[in-house]
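This report is written for a reader who is meeting the structure for the first time. Please keep the sequence and the model in view while reading the sections below.

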Amino acid sequence: MKKLLIGLGILVVLVMVLASPYNTLISKRESVEAQWAQVENVYQRRADLIPNLVSTVKGYANFEKGTLEAVIQARSNISKIDFDNLNEESLSKFQASQTGLSSALSRLMVVVEKYPDLKANQNFLALQSQLEGTENRISFERKQFNDVAKSYNTFLQTFPNNIFAGIFGFDKKPYFQADEGTAAAPKVEF
């Protein structure tokens with residue numbers, strides 16, 4: 001009877017020791033998923049602001065139609081990612097579509113400089129301010145995502161966690177990368 005209790009005690013301790021890495025992997029994966037949801041949230045906020053911005057700008061008859069169409073098209077090209085299929089390729093496609101939208105918005109803001117009446121419009125100024133704030137949030141949330149993904153990936157790859165991760169199918173999560181060309185300093189000429 002004593003041997004049975006000792007054996008049972010060892011089994012309970014062994015199960016608890018083995019359950020700890022698994023539970024931590026689950027917790028860290030959930031943190032990555034929650035942070036991904038926050039990244040999507042701020043990108044969605046930006047996408048939701050665009051129709052209001054376009055409507056405000058459309059009120060100015062002389063405004064370049066092609067620029068507005070480029071913004072509308074870029075917004076419609078935004079891709080979504082199912083978190084369970086989050087990998088380097090899907091994140092790269094997502095990031096490329098968001099970069100396209102950022103580029104179209106930048107062109108829009110450059111063209112706006114030609115229209116003093118539009119720049120003085122209170123609705124436009126409020127939307128422009130909201131977009132600027134949203135771009136800052138996007139940058140912050142992307143950094144937070146990378147931090148949480150790093151913590152998860154590091155835990156996932158350390159011994160003996162890597163064994164449990166392999167057995168239970170936990171995969172490494174990708175990181176947001178800087179857009180192409182952002183490492184090079186812009187050339188300024190006077």
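This is a predicted model: local features need pLDDT of at least 70, side-chain atom pairs count only at pLDDT 80 or more; totals for chains, interfaces and linings use all residues.

## Gln35 in helix α1

Helix α1 covers residues 2–58, and Gln35 is found within this stretch. Is Gln35 buried or exposed? Its relative accessibility is 12%, so Gln35 counts as buried. Leaving aside residues up to four places away in sequence, Gln35 touches Glu141, Gln144, Phe145 and Val148.

Side chains of opposite charge can pair when their charged atoms come close. How many salt bridges does a search of the whole structure find? The search finds three, and in one of them the side chains of Glu135 and Arg46 meet, with a distance of 2.9 Å from N to O. Because Glu135 lies in helix α5 (residues 122–157) while Arg46 lies in helix α1, this pair ties together parts that are 89 residues apart in sequence.

The two partners fall into separate accessibility classes: Arg46 has 0% relative accessibility and so counts as buried, whereas Glu135, at 29% relative accessibility, counts as partly exposed.

In another salt bridge, Lys143 pairs with Asp147, and the closest N and O atoms are 2.7 Å apart. Since these residues are four residues apart in helix α5, Lys143 and Asp147 are separated by about one helical turn. An α-helix has 3.6 residues a turn, so residues three or four places apart point the same way. Lys143 is partly exposed, with a relative accessible area of 48%, and Asp147 is also partly exposed, with a relative accessible area of 36%.

The side chains of Glu89 and Lys93 likewise meet in a salt bridge, at 3.3 Å from N to O. Both residues lie in helix α3 (residues 88–112), where they are four residues apart, or about one turn of the helix. Glu89 is exposed, with a relative accessible area of 52%, and Lys93, at 53% relative accessibility, counts as exposed too.

Helix α3 has 25 residues and reaches 36 Å from its first C-alpha to its last, which is close to the 36 Å expected at 1.5 Å a residue. At the start of α3, the backbone nitrogen of Glu89 is approached to within 3.1 Å by a side-chain oxygen of Asn87.

Where is Ser79 found? Ser79 is in the loop between α2 (65–76) and α3, and with a relative accessible area of 23% it is partly exposed. Not counting residues up to four places away in sequence, Ser79 touches Lys93, Phe94 and Ser97; of these, Lys93 is the residue that meets Glu89 in a salt bridge. Although Ser79 and Ser97 are 18 residues apart along the chain, their C-alpha atoms are separated by 6.4 Å.

Notes:
Residues are numbered from 1 along each chain as its sequence is written. Side-chain values use heavy atoms; hydrogens and water are left out. Helices (H or I, at least four residues) and strands (E, at least two) are DSSP runs, numbered from the N terminus. Buried means under 20% relative accessible area, exposed over 50%, partly exposed in between (1.4 Å probe, protein chains only). Contact means heavy atoms within 4.5 Å. A salt bridge is a side-chain nitrogen of Lys or Arg within 4 Å of a carboxyl oxygen of Asp or Glu. The expected span of a helix is 1.5 Å times one less than its number of residues. A polar contact is a pair of N or O atoms within 3.5 Å; within protein, one must be able to donate a hydrogen and the other to accept it, and residues adjacent in sequence count only if both atoms are side-chain atoms.
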